[in-house]
Amino acid sequence: MLTNRQPRRGDDYLNVAGEEPALRDFSSDMLAALQMRPRCLSPKYFYDETGSALFDRICDLPEYYPTRTELTLLAAHATEIAVRMGPRAEIVEFGAGSLRKIRLLLDAMDQPSRYVPIDISGAYLSANAAQLQHDYPSLSVLPIMADYTGAFHLPVKEPSCGRRIGFFPGSTIGNLLPADALKFLRQAAQSLRGGALLLGVDLIKNPSVLHAAYNDSQGITAAFNLNLLTRANRELDANFDVSRFAHSAFYNAPMQRVEMHLISRAAQHVRVCGERFDFAEGETLHTENSYKFTVEGLRALASQAGFHPGQVWVDPQKLFSLHWLPAPL
Ligand code: AVJ
């Protein structure tokens, strides 16, 4: 839960929970995941330092089209987007990651006033935010370490700022179950009243293209998925034998989502936080959903959440979409 406490300048980041929220919840969520059937864990735990670095490598893979396509869309339409934002706009980015995409917008904007990146990976966030502050000295950069999928309140708006614009790129919204995506959008429509959300959304397409994007030939996505177990070994005093689990990713067409799982290659047991858990051969831990959308489906969801859907930008191959979603006052 974010508060309205303002950090002092020079603070690394606004640490609301007092410790990494991912760390505080990882043990209880992992234990709960191992007890449920089928076993299922939130994908937010992928993003420790190694996971965030692996994700950056995924973004550069030839098979992983979303990042490249979204960057092309942002570059091609930055001027139109900046006009819609208006002067002195403030940007709040959800799940900010490497902060590569925001630079394209900042460079096109008319005197951007403040940039508030929110990310669960605190160390990664503060390093990237410091670099951005250095490159944009007149911009006020206010990084917040938090899990924005929970309830959130944004920092108090500065009177000198223009519109407040949310930026949620990368189709990260696809990680949420439909009910949670609606909840997130409802909350965003409230906190961005009078402004807008710029939302990047991956589109339903040929399943072989989707399959390749999550089964890259260099095995980076597999390493990203399996890193969850390495992280658990380090942080939760677990003893997963990573070589006895296999990466699995496939498009579940009726559910309109790519699913990632870790499949137990053999019957085995593991110890996590002092408790023992059995895996049958072929049993899986479901680690991620990545929902895909149609343009119309996304607009309907946004309307239901209280936005007034505006312009949509799609690349010629119809791989990815960028949505301008004004939030009425
Ligand atoms: C960051 C959630 C958009 O679902 O495509 C990439 C994460 N997982 N490869 C996605 C991811 C496997 C990515 N998102």
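Modeller: Let's begin with a definition: two strands pair if DSSP finds at least two bridges between them. Keep in mind, too, that this is a predicted model.

Biologist: Thanks! Taking that to β15, how many bridges join strand β8 to β15?

Modeller: There are seven, and β8 (residues 196-202) runs antiparallel to β15. One of the pairs you can look up is glycine 200, whose bridge partner in β15 is leucine 322.

Biologist: And how many bridges join strand β14 to β15?

Modeller: Three, again with the strands antiparallel; β14 covers residues 312-314. The β14 and β15 strands make a hairpin, with five residues separating them. In that turn, lysine 318 has a positive phi of about 55 degrees.

Biologist: How should I think about side chains along a strand?

Modeller: As a general idea, side chains in a regular strand alternate between the two faces of the sheet.

Biologist: Is β15 largely enclosed or largely open to the outside?

Modeller: A residue counts as buried when its relative accessible area is under 20%. Six of the seven residues of β15 (residues 320-326) are buried, so the rest of the structure largely encloses this strand.

Biologist: What about alanine 253: buried, partly exposed or exposed?

Modeller: Partly exposed, because its relative accessibility is 44%. You will find alanine 253 in the loop that links β9 (245-252) and β10 (257-264). Alanine 253 is 190 residues from glutamate 63 in sequence, and their C-alpha atoms are 19 Å apart.

Biologist: Now the ligand. Which residues are closest to it?

Modeller: Of the 14 residues around the ligand, the closest are Tyr64, Gly170, Tyr214, Glu288 and Ser290. By type, the shell has seven nonpolar residues, six polar and one charged. At least two shell residues come from each of α2 (49-59), α8 (220-235) and β13 (284-291).

Biologist: Why does the ligand lie between domain 1 and domain 2?

Modeller: Because both domain 1 (2-16 + 62-205 + 292-326) and domain 2 (21-45 + 207-291) contribute residues to its shell.

Key: Residues are numbered from 1 along each chain as its sequence is written. This is a predicted model: local features need pLDDT of at least 70, side-chain atom pairs count only at pLDDT 80 or more; totals for chains, interfaces and linings use all residues. Side-chain values use heavy atoms; hydrogens and water are left out. Helices (H or I, at least four residues) and strands (E, at least two) are DSSP runs, numbered from the N terminus. Buried means under 20% relative accessible area, exposed over 50%, partly exposed in between (1.4 Å probe, protein chains only). A residue is near a molecule or strand if one of its heavy atoms lies within 4 Å of it. Ala, Val, Leu, Ile, Met, Phe, Trp, Tyr, Cys and Pro count as nonpolar, Asp, Glu, Lys and Arg as charged, and the others, Gly among them, as polar. Domain bounds come from an automatic or database domain assignment.
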